[in-house]
Amino acid sequence: MAYQTYPGQAPQPVEQRPVRVRPGFGLRGPRREKHVLTVEDLSALAFPVGDDGVVIGLDHQQQPAVIGLFRPSAFEVVLVGGMWTAQLIALRAAATGARIAVETGRPQAWAPMAQAAGGGQPCVTIHQVGRLGAQGASVASPVLVVRDLGARPNRSRLSAAPWQTTLTVLPYLGPNASRVINSADLVGLQRVSPQESELLGRLLSLAPGDVSALPTLPDNVTLWATRMRRQYVMTNQGEAETQVLGGPRRMD
């Protein structure tokens with residue numbers, strides 16, 4: 001308690017206010033002048049930044065096409081296509097700092113990509129069918145789980161988790177394709193037979209033009225579809241990716 005004195009009076013106690021501390025920020029620092037912009041100056045704050053994610057190719061306007069793979073909730077992706085495209089997506093996801101866990105019955109086909117990814121860091125792991133455990137995904141360490149189990153993948157034993165995305169690869173449509181596709185948030189479609197194209201058209205409500213185009217797509221073109229949007233993407237690999245994966249191919 002502090003005291004304040006006046007001539008001819010006894011010292012009077014003076015209440016001292018406690019220093020205000022903002023939780024998480026410490027003491028209030030020196031005051032600065034506020035930055036003020038006029039309405040006319042607001043346009044100068046525009047930045048040419050698109051969605052963040054993994055660049056998977058170019059759209060029909062030759063602009064980068066990006067998939068936001070990692071989100072604060074579980075995300076399911078299905079690719080009806082080839083292992084080459086799946087491996088390219090996994091390789092580029094690893095380049096962004098994500099961990100890749102591959103559940104596959106053909107580990108020898110994934111080994112070269114796993115060895116090349118991460119610049120020597122063990123960011124890609126390969127697991128036998130049914131042997132994939134919890135991955136501990138987080139915002140600082142997102143995980144892409146690739147399920148390469150043929151045309152009849154069993155149900156995953158791995159629980160859905162935030163910042164964990166599952167990419168299921170279907171080389172062609174099997175008996176349980178409808179279940180797998182209907183549960184997906186995003187579906188990638190590469191070249192399929194006319195019969196498969198008709199079924200996909202019904203499952204995804206594709207336009208007639210898309211249904212007729214699917215059987216004729218080149219090896220490096222994918223139609224990415226949600227319930228609301230459709231986008232064709234042409235994937236062109238870099239020199240380093242070509243050395244690891246070779247050229248585009250629909251089947252392996």
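**Surroundings of Arg147**

Modeller: Leaving aside residues up to four places away in sequence, Arg147 touches Glu103, Pro153, Asn154, Arg155, Ser156, Thr166, Leu167, Thr168 and Val169, where a contact means heavy atoms within 4.5 Å. The model is predicted: local features need pLDDT of at least 70 and side-chain atom pairs pLDDT 80 or more, whereas totals for chains, interfaces and linings use all residues. Residues are numbered from 1 along each chain as its sequence is written, and side-chain values use heavy atoms, without hydrogens and water.

Arg147 belongs to strand β10, residues 143-148; strands are DSSP runs of E with at least two residues, helices are runs of H or I with at least four, and both are numbered from the N terminus. Arg147 counts as buried because its relative accessibility is 6%; buried means under 20%, exposed over 50% and partly exposed in between, with a 1.4 Å probe and protein chains only. The side chain of Arg147 comes to 2.9 Å from the backbone oxygen of Asn154, a residue that is also among the contacts of Arg147.

The largest cavity holds about 60 Å³, and Arg147 lines it together with Glu103, Gly130, Arg131, Leu132, Asn154, Arg155, Ser156, Arg157 and Leu158. On a 1 Å grid over the protein atoms alone, a cavity is a set of points where a 1.4 Å probe fits but cannot get out, a pocket is an open set with protein on both sides within 12 Å along at least five of seven lines, and lining residues have an atom within 4 Å of a point. Points are joined across faces, edges and corners, and a volume is the space filled by probe spheres set on them. The lining of the largest cavity has 5 charged, 3 polar and 2 nonpolar residues; Asp, Glu, Lys and Arg count as charged, Ala, Val, Leu, Ile, Met, Phe, Trp, Tyr, Cys and Pro as nonpolar, and the others, Gly among them, as polar.

Of its 18 lining residues, Glu76, Arg147, Ser156, Thr168 and Ser183 lie nearest its centre. Two or more residues of this lining come from each of β7 (75-80), β10, β11 (164-170) and α3 (177-182). By class, the pocket lining comprises 7 nonpolar, 7 polar and 4 charged residues.

With 3% relative accessibility, Thr104 counts as buried. Its C-alpha is 8.1 Å from that of Val146, a residue 42 positions away in sequence. The side chains of Thr104 and Asp148 make a polar contact at 3.1 Å, that is, a pair of N or O atoms within 3.5 Å in which, within protein, one must be able to donate a hydrogen and the other to accept it, and residues adjacent in sequence count only if both atoms are side-chain atoms. Beyond four places in sequence, Thr104 touches Trp110, Ile126, His127, Gln128, Val129, Asp148 and Leu149.

For the chain as a whole, there are 6 helices and 14 strands, and 38% of the 252 residues are buried. Among contacts with a separation of 6 or more, 58% join residues 24 or more positions apart. The whole structure contains 2 cavities of 30 Å³ or more.
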